[in-house]
Amino acid sequence: MKPEAIAYTFGNEYPAAIFTDGKRLPLVRETRWKRFYFAGKTNAEVSRIMDGSTKYTLAELQQELHSWTQDEKDEFVDALCRAKLEFDICAMREFLGHSHSDCAAVLRRAEPGAAANP
């Protein structure tokens with residue numbers, strides 16, 4: 001995302017905090033793939049792949065995926081599904097969908113129109 005799009009979407013304090021439904025949510029945790037925000041009963045997650053703050057290639061994914069835990073795979077797939085469609089991202093989704101059934105199931109649930117509770 002471009003800086004002006006990030007500011008418009010999340011507010012001028014991003015990544016330290018985001019604004020959603022008129023509420024300020026401070027950053028409470030950050031991982032390789034996501035940022036987590038929380039205030040009161042409201043929480044939000046932002047993909048670091050989507051905002052461009054982390055970069056990853058298909059070659060890196062193919063080389064490293066086998067060493068990841070299931071939680072790391074799930075978080076990456078979720079962050080990837082929230083990202084804009086660029087060549088490497090599309091290629092990564094295809095690789096995960098064909099080569100790793102555990103990731104493919106998460107990808108299917110994240111597709112538009114997928115049932116909320118399969």
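Here are some questions and answers on a predicted model.

Local features need pLDDT of at least 70, side-chain atom pairs count only at pLDDT 80 or more, and totals for chains, interfaces and linings use all residues. Residues are numbered from 1 along each chain as its sequence is written, and side-chain values use heavy atoms, with hydrogens and water left out.

Reader: How far apart are the end C-alpha atoms of helix α4?
Author: Helices are DSSP runs of H or I with at least four residues, and strands are runs of E with at least two, numbered from the N terminus. The expected span is 1.5 Å times one less than the number of residues. Helix α4 has twelve residues (70-81), so it should span 16 Å. The model agrees: the ends lie 16 Å apart.

Reader: Is Asp-21 buried or exposed?
Author: Buried means under 20% relative accessible area, exposed over 50%, and partly exposed in between (1.4 Å probe, protein chains only). Asp-21 has 74%, so Asp-21 is exposed.

Reader: What kind of pair do the rings of Tyr-56 and Trp-68 form?
Author: Rings of Phe, Tyr and Trp (its six-membered ring) pair if their centres lie within 6.5 Å. Planes under 30 degrees apart count as stacked, over 60 as edge-to-face and the rest as tilted. A search of the whole structure finds eight aromatic pairs. In this one the centres are 6.0 Å apart and the planes at 35°, so the pair is tilted.

Reader: Is Phe-76 buried or exposed?
Author: Phe-76 is one of the residues of α4 listed as buried. Its relative accessibility is 1%, so Phe-76 counts as buried.
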